[in-house]
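Let's take a walk through this fold, one part at a time. Keep the sequence and the 3D view open side by side as you read.

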Amino acid sequence: MKPIKDIKTICNLGCGTMGFGTAIAFANAGYEVNMFGRRNASIDRAMKNIRFTLDIMMKNKLLTAEDSEGVVNRIHGVTTLKAAARNADFVIESVAEELTVKQQVYQEMEKYVDKDVIFATDSSGLSPTQIASVLKHPERFVVAHFWNPPHLIPLVEVVPGEKTVQEVVDITWTLMEKIGKKPVALLKEAPGFVGNRLQFALLREALHCVQEGIATAEAVDTICKYSIGRRLSVTGPLETADLGGLDIFYNISAYLNADLADDKAGSSVMKKCVDEGKLGAKTGTGLYQWHPDELNAIKERREEILIEWLQKDNHGKKF
(Lines give C-alpha, C1' and ligand atoms only; values in the text may rest on other atoms or scores of the structure.)
Protein backbone atom coordinates (compact mmCIF):
# COMPACT_ATOMS: atom_id res chain seq x y z
CA MET A 1 0.00 0.00 0.00
CA LYS A 2 1.06 3.59 -0.50
CA PRO A 3 2.89 4.85 2.58
CA ILE A 4 1.33 7.79 4.38
CA LYS A 5 4.01 10.18 3.10
CA ASP A 6 2.99 9.44 -0.50
CA ILE A 7 -0.69 10.23 0.02
CA LYS A 8 -1.26 13.66 -1.52
CA THR A 9 -4.60 13.51 -3.35
CA ILE A 10 -7.87 12.22 -1.93
CA CYS A 11 -10.68 10.79 -4.03
CA ASN A 12 -13.81 11.88 -2.10
CA LEU A 13 -16.84 9.99 -3.44
CA GLY A 14 -20.05 11.74 -2.45
CA CYS A 15 -20.82 15.35 -1.62
CA GLY A 16 -24.00 15.10 0.46
CA THR A 17 -24.45 15.30 4.23
CA MET A 18 -21.25 13.40 5.00
CA GLY A 19 -19.27 13.85 1.78
CA PHE A 20 -18.84 17.60 1.92
CA GLY A 21 -17.68 17.29 5.53
CA THR A 22 -15.01 14.71 4.76
CA ALA A 23 -13.86 16.87 1.86
CA ILE A 24 -13.38 19.76 4.30
CA ALA A 25 -11.46 17.58 6.75
CA PHE A 26 -8.94 16.41 4.15
CA ALA A 27 -8.58 19.77 2.39
CA ASN A 28 -8.08 21.54 5.72
CA ALA A 29 -5.18 19.19 6.41
CA GLY A 30 -3.53 20.21 3.14
CA TYR A 31 -4.67 17.43 0.81
CA GLU A 32 -5.93 17.98 -2.71
CA VAL A 33 -9.48 16.59 -2.90
CA ASN A 34 -11.38 15.37 -5.96
CA MET A 35 -14.98 15.59 -4.72
CA PHE A 36 -17.40 13.48 -6.75
CA GLY A 37 -21.07 14.29 -7.26
CA ARG A 38 -23.25 12.93 -10.02
CA ARG A 39 -24.54 16.32 -11.15
CA ASN A 40 -23.16 19.85 -11.32
CA ALA A 41 -26.08 20.93 -9.14
CA SER A 42 -24.88 18.52 -6.44
CA ILE A 43 -21.37 19.96 -6.59
CA ASP A 44 -22.70 23.53 -6.41
CA ARG A 45 -24.82 22.67 -3.39
CA ALA A 46 -21.86 20.99 -1.69
CA MET A 47 -19.60 23.98 -2.29
CA LYS A 48 -22.27 26.24 -0.80
CA ASN A 49 -22.40 24.00 2.28
CA ILE A 50 -18.61 23.98 2.48
CA ARG A 51 -18.37 27.78 2.41
CA PHE A 52 -21.15 28.08 5.00
CA THR A 53 -19.37 25.61 7.28
CA LEU A 54 -16.01 27.31 6.87
CA ASP A 55 -17.61 30.66 7.77
CA ILE A 56 -18.82 29.15 11.04
CA MET A 57 -15.36 27.76 11.72
CA MET A 58 -13.81 31.18 11.11
CA LYS A 59 -16.32 32.91 13.41
CA ASN A 60 -15.30 30.48 16.15
CA LYS A 61 -11.58 30.92 15.48
CA LEU A 62 -11.08 27.30 14.40
CA LEU A 63 -9.40 28.53 11.22
CA THR A 64 -8.43 31.80 9.55
CA ALA A 65 -9.73 33.43 6.38
CA GLU A 66 -6.54 32.32 4.67
CA ASP A 67 -7.10 28.75 5.84
CA SER A 68 -10.67 28.87 4.54
CA GLU A 69 -9.59 30.08 1.11
CA GLY A 70 -7.00 27.31 0.94
CA VAL A 71 -9.61 24.66 1.77
CA VAL A 72 -11.92 25.86 -0.99
CA ASN A 73 -9.08 26.01 -3.51
CA ARG A 74 -8.02 22.43 -2.73
CA ILE A 75 -11.49 20.94 -3.29
CA HIS A 76 -12.16 20.13 -6.95
CA GLY A 77 -15.73 19.15 -7.87
CA VAL A 78 -16.05 16.42 -10.52
CA THR A 79 -19.02 14.54 -11.95
CA THR A 80 -17.44 11.26 -13.11
CA LEU A 81 -15.72 8.52 -11.14
CA LYS A 82 -12.88 8.53 -13.65
CA ALA A 83 -12.18 12.20 -12.95
CA ALA A 84 -12.44 11.59 -9.21
CA ALA A 85 -9.82 8.86 -9.47
CA ARG A 86 -7.28 11.10 -11.21
CA ASN A 87 -3.99 11.04 -9.23
CA ALA A 88 -5.87 9.52 -6.26
CA ASP A 89 -3.73 8.14 -3.44
CA PHE A 90 -6.60 7.31 -1.07
CA VAL A 91 -10.34 6.82 -1.62
CA ILE A 92 -13.02 7.81 0.91
CA GLU A 93 -16.64 7.08 -0.03
CA SER A 94 -19.92 8.48 1.30
CA VAL A 95 -22.45 7.50 -1.37
CA ALA A 96 -25.89 6.01 -0.62
CA GLU A 97 -25.97 3.57 2.32
CA GLU A 98 -26.92 0.63 0.11
CA LEU A 99 -24.74 -2.43 -0.37
CA THR A 100 -25.24 -2.79 -4.13
CA VAL A 101 -24.65 0.91 -4.77
CA LYS A 102 -21.35 0.86 -2.91
CA GLN A 103 -20.27 -2.35 -4.62
CA GLN A 104 -20.98 -0.90 -8.06
CA VAL A 105 -19.03 2.25 -7.28
CA TYR A 106 -15.97 0.35 -6.05
CA GLN A 107 -16.05 -2.11 -8.94
CA GLU A 108 -15.84 0.84 -11.31
CA MET A 109 -13.15 2.53 -9.21
CA GLU A 110 -10.95 -0.56 -9.54
CA LYS A 111 -10.68 0.23 -13.25
CA TYR A 112 -9.18 3.64 -12.56
CA VAL A 113 -6.83 3.37 -9.55
CA ASP A 114 -3.77 1.31 -8.76
CA LYS A 115 -4.11 -1.72 -6.47
CA ASP A 116 -1.96 -0.04 -3.79
CA VAL A 117 -4.61 2.67 -3.22
CA ILE A 118 -6.75 2.09 -0.14
CA PHE A 119 -10.53 2.02 -0.53
CA ALA A 120 -12.28 3.36 2.59
CA THR A 121 -16.04 3.50 3.06
CA ASP A 122 -17.81 5.89 5.42
CA SER A 123 -20.61 3.37 5.93
CA SER A 124 -22.47 3.60 9.24
CA GLY A 125 -22.66 -0.15 9.66
CA LEU A 126 -22.58 -2.16 6.42
CA SER A 127 -20.21 -5.10 6.43
CA PRO A 128 -16.83 -4.25 4.87
CA THR A 129 -16.46 -7.95 4.03
CA GLN A 130 -19.70 -7.90 2.03
CA ILE A 131 -18.90 -4.67 0.23
CA ALA A 132 -15.42 -5.90 -0.69
CA SER A 133 -16.62 -9.36 -1.76
CA VAL A 134 -17.03 -8.19 -5.37
CA LEU A 135 -13.57 -6.61 -5.60
CA LYS A 136 -10.40 -8.00 -7.12
CA HIS A 137 -8.39 -6.66 -4.18
CA PRO A 138 -10.53 -6.91 -1.02
CA GLU A 139 -7.38 -6.77 1.09
CA ARG A 140 -7.15 -2.99 0.54
CA PHE A 141 -10.73 -2.31 1.67
CA VAL A 142 -11.56 -0.81 5.08
CA VAL A 143 -14.22 1.21 6.88
CA ALA A 144 -13.43 4.78 7.98
CA HIS A 145 -16.69 5.68 9.69
CA PHE A 146 -16.94 9.43 10.30
CA TRP A 147 -19.75 10.68 12.55
CA ASN A 148 -22.28 13.33 11.59
CA PRO A 149 -21.60 16.22 11.48
CA PRO A 150 -18.15 15.10 10.29
CA HIS A 151 -16.60 18.55 10.60
CA LEU A 152 -17.51 18.70 14.31
CA ILE A 153 -17.35 15.11 15.63
CA PRO A 154 -13.76 13.88 16.10
CA LEU A 155 -14.34 10.11 16.07
CA VAL A 156 -13.56 7.89 13.10
CA GLU A 157 -14.08 4.13 13.50
CA VAL A 158 -11.54 2.17 11.44
CA VAL A 159 -12.98 -1.29 10.79
CA PRO A 160 -11.33 -4.15 8.89
CA GLY A 161 -13.14 -6.75 6.81
CA GLU A 162 -12.21 -10.42 6.85
CA LYS A 163 -9.58 -9.95 4.12
CA THR A 164 -8.30 -6.49 5.08
CA VAL A 165 -4.56 -6.52 5.74
CA GLN A 166 -3.26 -4.84 8.90
CA GLU A 167 -1.18 -2.39 6.86
CA VAL A 168 -4.41 -0.89 5.47
CA VAL A 169 -5.82 -0.42 8.98
CA ASP A 170 -2.59 1.16 10.19
CA ILE A 171 -2.27 3.60 7.26
CA THR A 172 -5.93 4.60 7.48
CA TRP A 173 -5.66 5.13 11.24
CA THR A 174 -2.58 7.31 10.79
CA LEU A 175 -4.23 9.32 8.01
CA MET A 176 -7.30 9.97 10.17
CA GLU A 177 -5.07 11.18 12.98
CA LYS A 178 -3.16 13.38 10.54
CA ILE A 179 -6.35 15.20 9.50
CA GLY A 180 -7.15 15.95 13.13
CA LYS A 181 -9.58 13.15 13.89
CA LYS A 182 -9.72 10.74 16.82
CA PRO A 183 -9.39 7.34 15.12
CA VAL A 184 -10.24 4.09 16.87
CA ALA A 185 -9.38 0.77 15.23
CA LEU A 186 -11.76 -2.13 15.88
CA LEU A 187 -10.36 -5.64 16.21
CA LYS A 188 -12.99 -7.04 13.85
CA GLU A 189 -16.23 -6.03 12.15
CA ALA A 190 -19.69 -6.28 13.71
CA PRO A 191 -23.05 -4.92 12.47
CA GLY A 192 -23.20 -1.23 13.42
CA PHE A 193 -19.52 -1.39 14.47
CA VAL A 194 -19.31 -0.12 18.09
CA GLY A 195 -20.64 3.43 18.08
CA ASN A 196 -24.00 2.60 16.52
CA ARG A 197 -24.38 -0.52 18.65
CA LEU A 198 -24.08 1.65 21.76
CA GLN A 199 -26.30 4.37 20.28
CA PHE A 200 -29.09 1.96 19.36
CA ALA A 201 -28.89 0.09 22.65
CA LEU A 202 -29.62 3.38 24.41
CA LEU A 203 -32.32 4.27 21.86
CA ARG A 204 -34.01 0.88 22.31
CA GLU A 205 -34.29 1.36 26.07
CA ALA A 206 -35.36 5.00 25.69
CA LEU A 207 -38.21 4.00 23.37
CA HIS A 208 -39.10 1.10 25.68
CA CYS A 209 -39.50 3.54 28.59
CA VAL A 210 -41.89 5.62 26.50
CA GLN A 211 -43.81 2.61 25.18
CA GLU A 212 -44.26 1.14 28.66
CA GLY A 213 -45.52 4.43 30.04
CA ILE A 214 -42.57 4.81 32.41
CA ALA A 215 -41.83 8.36 31.22
CA THR A 216 -42.59 10.79 28.41
CA ALA A 217 -40.21 11.32 25.49
CA GLU A 218 -39.34 14.73 26.92
CA ALA A 219 -38.52 13.23 30.32
CA VAL A 220 -36.32 10.49 28.83
CA ASP A 221 -34.33 12.99 26.77
CA THR A 222 -33.95 15.36 29.73
CA ILE A 223 -32.63 12.53 31.91
CA CYS A 224 -30.06 11.62 29.26
CA LYS A 225 -28.92 15.19 28.64
CA TYR A 226 -28.50 16.14 32.29
CA SER A 227 -26.93 12.93 33.64
CA ILE A 228 -25.20 10.28 31.56
CA GLY A 229 -24.93 12.59 28.57
CA ARG A 230 -22.70 14.97 30.48
CA ARG A 231 -20.66 12.21 32.09
CA LEU A 232 -20.11 10.14 28.95
CA SER A 233 -18.18 12.96 27.30
CA VAL A 234 -15.52 12.51 30.00
CA THR A 235 -15.74 8.84 31.02
CA GLY A 236 -17.02 6.06 28.79
CA PRO A 237 -19.37 3.38 30.15
CA LEU A 238 -16.58 0.99 31.09
CA GLU A 239 -14.51 3.69 32.79
CA THR A 240 -17.66 4.81 34.60
CA ALA A 241 -18.23 1.27 35.90
CA ASP A 242 -14.65 1.03 37.16
CA LEU A 243 -14.89 4.44 38.84
CA GLY A 244 -18.22 3.60 40.44
CA GLY A 245 -17.11 0.16 41.59
CA LEU A 246 -17.63 -3.07 39.66
CA ASP A 247 -19.25 -4.67 42.70
CA ILE A 248 -21.95 -2.00 42.72
CA PHE A 249 -22.48 -2.10 38.97
CA TYR A 250 -22.57 -5.90 38.97
CA ASN A 251 -25.18 -6.01 41.70
CA ILE A 252 -27.35 -3.53 39.80
CA SER A 253 -26.95 -5.47 36.54
CA ALA A 254 -27.92 -8.70 38.30
CA TYR A 255 -31.48 -7.47 38.91
CA LEU A 256 -31.85 -4.77 36.24
CA ASN A 257 -30.69 -6.58 33.10
CA ALA A 258 -33.66 -8.97 33.20
CA ASP A 259 -36.06 -6.01 32.99
CA LEU A 260 -34.33 -4.10 30.19
CA ALA A 261 -35.70 -4.07 26.65
CA ASP A 262 -34.46 -7.00 24.59
CA ASP A 263 -36.81 -7.01 21.61
CA LYS A 264 -35.16 -8.15 18.40
CA ALA A 265 -37.48 -6.35 15.99
CA GLY A 266 -37.54 -2.63 15.26
CA SER A 267 -39.28 -0.40 17.77
CA SER A 268 -43.09 -0.46 17.57
CA VAL A 269 -43.11 3.19 18.64
CA MET A 270 -40.95 4.18 15.68
CA LYS A 271 -42.81 1.86 13.30
CA LYS A 272 -46.11 3.54 14.14
CA CYS A 273 -44.57 6.94 13.40
CA VAL A 274 -43.05 5.73 10.14
CA ASP A 275 -46.30 4.10 9.01
CA GLU A 276 -48.09 7.42 9.61
CA GLY A 277 -45.46 9.36 7.66
CA LYS A 278 -44.14 11.04 10.80
CA LEU A 279 -40.42 10.77 10.10
CA GLY A 280 -39.12 13.35 12.55
CA ALA A 281 -37.69 16.80 11.92
CA LYS A 282 -37.66 16.36 8.13
CA THR A 283 -41.47 16.00 8.05
CA GLY A 284 -42.19 18.34 10.94
CA THR A 285 -43.37 15.66 13.33
CA GLY A 286 -42.13 12.36 14.76
CA LEU A 287 -41.66 11.62 18.44
CA TYR A 288 -41.89 15.42 18.78
CA GLN A 289 -43.62 18.22 16.93
CA TRP A 290 -40.96 20.31 15.19
CA HIS A 291 -41.59 23.97 14.41
CA PRO A 292 -38.97 25.71 12.22
CA ASP A 293 -37.84 28.09 14.97
CA GLU A 294 -37.44 25.25 17.49
CA LEU A 295 -35.61 23.10 14.99
CA ASN A 296 -33.17 25.86 14.09
CA ALA A 297 -32.60 26.63 17.77
CA ILE A 298 -31.71 23.06 18.72
CA LYS A 299 -29.41 22.67 15.71
CA GLU A 300 -27.63 25.90 16.59
CA ARG A 301 -27.30 24.82 20.22
CA ARG A 302 -25.88 21.45 19.19
CA GLU A 303 -23.38 23.16 16.91
CA GLU A 304 -22.32 25.58 19.66
CA ILE A 305 -21.67 22.76 22.12
CA LEU A 306 -19.75 20.66 19.60
CA ILE A 307 -17.60 23.65 18.67
CA GLU A 308 -16.89 24.29 22.35
CA TRP A 309 -15.68 20.71 22.65
CA LEU A 310 -13.46 21.08 19.61
CA GLN A 311 -11.92 24.16 21.14
CA LYS A 312 -11.33 22.28 24.41
CA ASP A 313 -9.84 19.37 22.53
CA ASN A 314 -7.27 21.79 21.05
CA HIS A 315 -7.99 20.66 17.51
CA GLY A 316 -6.87 24.06 16.31
CA LYS A 317 -6.81 24.28 12.56
CA LYS A 318 -7.83 20.67 12.03
CA PHE A 319 -11.37 19.48 12.59
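UniProt places the feature "domain: 3-hydroxyacyl-CoA dehydrogenase C-terminal" (unreviewed entry) at residues 192-290. UniProt positions follow the numbering used here, with feature names shortened, and annotations may be inferred rather than shown by experiment. This is a predicted model: local features need pLDDT of at least 70 and side-chain atom pairs pLDDT 80 or more, while totals for chains, interfaces and linings use all residues. Residues are numbered from 1 along each chain as its sequence is written, and side-chain values use heavy atoms, leaving out hydrogens and water.

Over residues 192-290 the chain is 59% helix and 0% strand, with end C-alpha atoms 28 Å apart. Helices (H or I, at least four residues) and strands (E, at least two) are DSSP runs, numbered from the N terminus.

Now for the other annotated stretch. UniProt gives residues 10-189 as "domain: 3-hydroxyacyl-CoA dehydrogenase NAD binding" (unreviewed entry). That span is 41% helix and 21% strand, and its end C-alpha atoms lie 25 Å apart.

On to the sheet. Eight strands make an open sheet with mixed pairing, in the order β3-β2-β1-β4-β5-β6-β7-β8; two strands pair if DSSP finds at least two bridges between them. β3 (75-78) and β8 (182-185) stand at the edges with a single partner strand each, so one side of each has no neighbour in the sheet. From one strand to the next, the twist averages 25 degrees. Axes here are lines fitted to C-alpha atoms (for helices, over the stretch in contact), and angles run from 0 to 180 degrees between N-to-C directions.

Look at β1 (residues 9-13) and β2 (residues 32-36): they pair in the parallel sense over five bridges. Ile10 has Val33 in β2 as its bridge partner. Helix α5 (residues 99-109) packs on the sheet, touching β1, β4 (90-93), β5 (118-121) and β6 (141-146), and its direction makes about 165 degrees with that of β5. Contact means heavy atoms within 4.5 Å.

Two backbone spots deserve a click. Most residues other than glycine have a negative phi, and most peptide bonds are trans. Asn87, in the loop between α4 (81-84) and β4, has a positive phi near 60 degrees. A cis peptide bond, omega about 0 degrees, joins Asn148 and Pro149, and Pro149 lies in the loop between β6 and β7 (155-160).
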